[in-house]
Each structure stands twice: as C-alpha cells, then as structure tokens.
Amino acid sequence: MKEKKRIDITSELLRIQDKQGILTAEGVLKEAKKKRHPLNSYFDWDDTTAGKRWRLHQANMMIAQARVTIVDHKETRVHAFVSIKTDEGRQFVYTADAMGDNRLLLQIFDQLNTRIENIQEQLNSMNLLKGAVKKALET
C-alpha cells in the first residue's frame, strides 16, 4: 500500500456523494480506484493481500454471528464468542469461558459501556438533525 497523504477523508467522501448523488462503499471504491484519487492509498489494491484480509474479515463476522442458547435461565440466544483485546490484538473468547473470568468480564463491560456512549452520541446527533429537519419543513 502506498504511503497515505494527510487528507480530510470526510471532505473526499462528501465530494464523492456530490458527484454520484449518494454515498455507497461501491461508489467510494469506484472513485478511489483511480490512482490519482486522494483516497487511493487508503485501500489495498493487491488482490493477494486484500483477499486474505477479506477472508479474515469474513472469519471475524462468522465468529461474531455465532450464537449459543443459555438454558439455565429463560432460554435466550446470545453471541457464542466475545471480542477481547490482548497484547497480540483482538481475539475471540467463548462467552461461557469469559463469564468465568472477572478480568475478561470487566473488559467486556467496559467495551459495552463505550458502545452505549457511542450510541447515545449518535442519538443526540439524530435529535439535532431531527430538529433541523422539522425547522426546515416548517419554513
């Protein structure tokens, strides 16, 4: 992958949206594929390495979507594996094993708390947007 120049990615994405009328991952790739496009260096265009990374992504998604049924309580399907951070990077741990490890539980709850905070931020942004849309419709 080429060295990345410091660019305003959001501005580039907005330019693509303006050009195409909508913003999709496919549209971004179509534009970024051009060698002189500012976003080109943010993608791996070597099919050998990109293919491996895609398969790793697919494996991560497969792990993330696996479910187990808890039968000791009200029957509930939950993720079979949880993602944790280690010195080697992200790893997946069987949920039942994680439930028995206080250190892992603390990490999982910290991650959930961060996700909740991010969702609250998104909801606040949506409320601001909703207010702006309502105001625009009233005029």
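Is arginine 103 exposed or buried? In this predicted model, arginine 103 has a relative accessible area of 59% and is therefore classed as exposed, the threshold for that class being over 50%. Its side chain takes part in a salt bridge with aspartate 101, in which the closest N and O atoms lie 3.8 Å apart. Aspartate 101 has a relative accessible area of 24% and is partly exposed.

A search of the whole structure identifies five salt bridges. Another of these pairs arginine 53 with aspartate 44, with 3.3 Å between the closest N and O atoms. Here arginine 53 is partly exposed, at 47% relative accessible area, whereas aspartate 44 is buried, at 18% relative accessibility.

In helix 1 (residues 9-20), arginine 15 and glutamate 12 are three residues apart and are therefore separated by about one helical turn. Their side chains meet in a salt bridge with an N to O distance of 3.0 Å. Glutamate 12 has a relative accessibility of 9% and so counts as buried, since the limit for that class is under 20%.

Histidine 37 is located in the loop between helix 2 (25-32) and helix 3 (47-65). When neighbours within four places in sequence are set aside, the contacts of histidine 37 are Glu12, Ile16, Glu31 and Ala32. With a relative accessibility of 15%, histidine 37 is itself buried. Methionine 61 is 24 residues from histidine 37 along the chain, and the C-alpha atoms of these two residues are separated by 30 Å.

Nonpolar packing was examined next. In soluble globular proteins, nonpolar side chains tend to be buried together. The largest nonpolar core of the model consists of six residues, namely Val82, Ile84, Val93, Ala98, Leu104 and Ile108. Strand 3 (81-86) and helix 5 (102-138) are the elements that contribute two or more residues to this core.

Technical notes
Residues numbered from 1 in each chain as written. Predicted model: local features only at pLDDT ≥ 70, side-chain atom pairs only at ≥ 80, totals over all residues. Heavy atoms only, no water. Helix = DSSP H or I, 4+ residues; strand = E, 2+ residues; numbered from the N terminus. Buried < 20%, exposed > 50% of the residue type's maximum accessible area, 1.4 Å probe, protein only. Contact = heavy atoms within 4.5 Å. Core = buried A, V, L, I, M, F, W, Y, C linked by side-chain atoms within 4.5 Å. Salt bridge = Lys/Arg side-chain N within 4 Å of Asp/Glu carboxyl O.
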